[in-house]
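Here's a quick tour of the model you have open. Keep the viewer handy and follow along section by section.

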Amino acid sequence: MSELTWMPILMYHRIVEQEPPVDPDRICTSVGRLADHLDLLAAHDFAAVPLELACRPPEHGEGRRFAITFDDGYEETLRLAQPVLEARSLPATVFVVSSMIGGNATWNDEPRPLLTRTQLLDLHASGMFIGSHGRNHRRLSTLEPPAIQDEVQGSREELEQLLGVAVRFIAYPHHDLDARVAAAAASAGYAGAAGGRAGRHERYNLHRIDAGRMSTRELLLHASGLHRWARRQPMARAVRRAAVRFF
Ligand SMILES: [Zn+2]
């Protein structure tokens, strides 16, 4: 498989009016912070593109690209995140847990309401791409093959039935995967799969930047690829410190 050209893919979870003082899961991003992130990247000539383009080489002369993703499908994605994106005409992908639509996220410190069916359809109608986040938000690498298939392919079928369009991407719950899980995503027909910070940026383990609590300076460092590059250098820590000063 040919190597993909890395591009920044931002990962967010809950979007909230105000970030709580205590956020043990580190999943809350204020509307203001999200808007600051997107405006900063625009000011640095980053163009938001659909996730689909993460799997294609950049076209000749194409400038800096990035993609925006939201995990879990909290009801706030429609109420608080969508208006920020719409005001800027930016594409984004929301990864939802297909058997828990209208329920509560039970995997965080405290349960939080997820999008209902109607809200999900509204989000989709507004232009947001919908991806799978499994059927039940399970750690896929801990499952037997039939259960992996049920989570990966079953969620795709459930969402496609609801939305009436092809579901092209999956994000692994807890960013947890192994070779079997990635193979299941490929054979279920996904165009690609999103991992987390440890993603190697392969088609079925796309690297994502955990942008949720980043300052604009940190975000720029990560989006520029400098952080990723610095991590691979022998004197990683010193290089990273120098890079932070540079920004
Ligand atoms: Zn999740």
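## Ground rules

Helices (H or I, at least four residues) and strands (E, at least two) are DSSP runs, numbered from the N terminus. This is a predicted model, where local features need pLDDT of at least 70 and side-chain atom pairs count only at pLDDT 80 or more, while totals for chains, interfaces and linings use all residues. Residue numbers start from 1 along each chain as its sequence is written.

## Overall picture

The protein has 8 helices and 12 strands. Its C-alpha atoms fill a box of roughly 50 × 40 × 35 Å, taken along the principal axes.

How much of the protein counts as buried? The share is 39% of the 247 residues. Here a residue is buried if 20 or more other C-beta atoms lie within 10 Å of its own, exposed if 12 or fewer, and partly exposed in between, with C-beta atoms placed from the backbone.

Now for contacts: two residues are in contact if their C-beta atoms, placed from the backbone, lie within 7 Å. Among contacts between residues at least 6 apart in sequence, 60% join residues at least 24 apart.

## Helix pairs

A few conventions first. Axes are lines fitted to C-alpha atoms, for helices over the stretch in contact, and angles run from 0 to 180 degrees between N-to-C directions. Angles under 35 degrees count as roughly parallel, over 145 as roughly antiparallel, 65 to 115 as roughly perpendicular and the rest as oblique. A crossing is left-handed if the near helix is turned anticlockwise from the far one by less than a right angle, and right-handed if clockwise. For residue classes, Ala, Val, Leu, Ile, Met, Phe, Trp, Tyr, Cys and Pro count as nonpolar, Asp, Glu, Lys and Arg as charged, and the others, Gly among them, as polar.

Start with helix α1 (residues 31–43) and helix α6 (residues 216–223), whose axes come within 10 Å and cross at roughly 50°. That makes α1 oblique to α6, and the crossing is right-handed. On the α1 side, D36, H37, L40 and L41 make the contact, meeting T216, L219, L220 and A223 of α6. Sorted by class, the α1 contact with α6 has 5 nonpolar, 2 polar and 1 charged residues. In α6, L219, L220, L221 and A223 are buried. After α6 comes G225, with a positive phi near 90°.

Helix α4 (residues 145–163) packs against helix α5 (residues 179–187) at about 45°, with the axes 10 Å apart. The two are therefore oblique to each other, and they cross in a right-handed sense. P145, I148, Q149 and V152 of α4 touch R180, V181, A184 and A185 of α5. This contact of α4 with α5 divides into 6 nonpolar, 1 polar and 1 charged.

With α2 and helix α3 (residues 117–125), the angle is about 20° and the axes are 9 Å apart. That makes α2 roughly parallel to α3, and α2 passes α3 in a left-handed crossing. T77, L78 and Q82 in α2 meet Q119, D122 and L123 in α3. The class count for α2 with α3 is 2 nonpolar, 3 polar and 1 charged.

## Loop residues with positive phi

Most residues other than glycine have a negative phi. R26 sits in the loop between β2 (14–16) and β3 (28–30), and counts as exposed because it has 11 other C-beta atoms within 10 Å.

D45 has a positive phi of about 65°, although it is not a glycine. This residue lies in the loop between α1 and β4 (46–48). With 8 other C-beta atoms within 10 Å, D45 is exposed.

Is Y12 buried or exposed? Y12 is buried, with 27 other C-beta atoms within 10 Å. Y12 belongs to strand β1 (residues 9–12). Not counting residues up to four places away in sequence, Y12 touches T29, L34, F70, A211 and G212.

S89, in the loop between α2 (76–88) and β6 (93–96), counts as exposed, with 8 C-beta neighbours inside 10 Å. S89 and A48 are 41 residues apart in sequence, and their C-alpha atoms are 9.1 Å apart in space.
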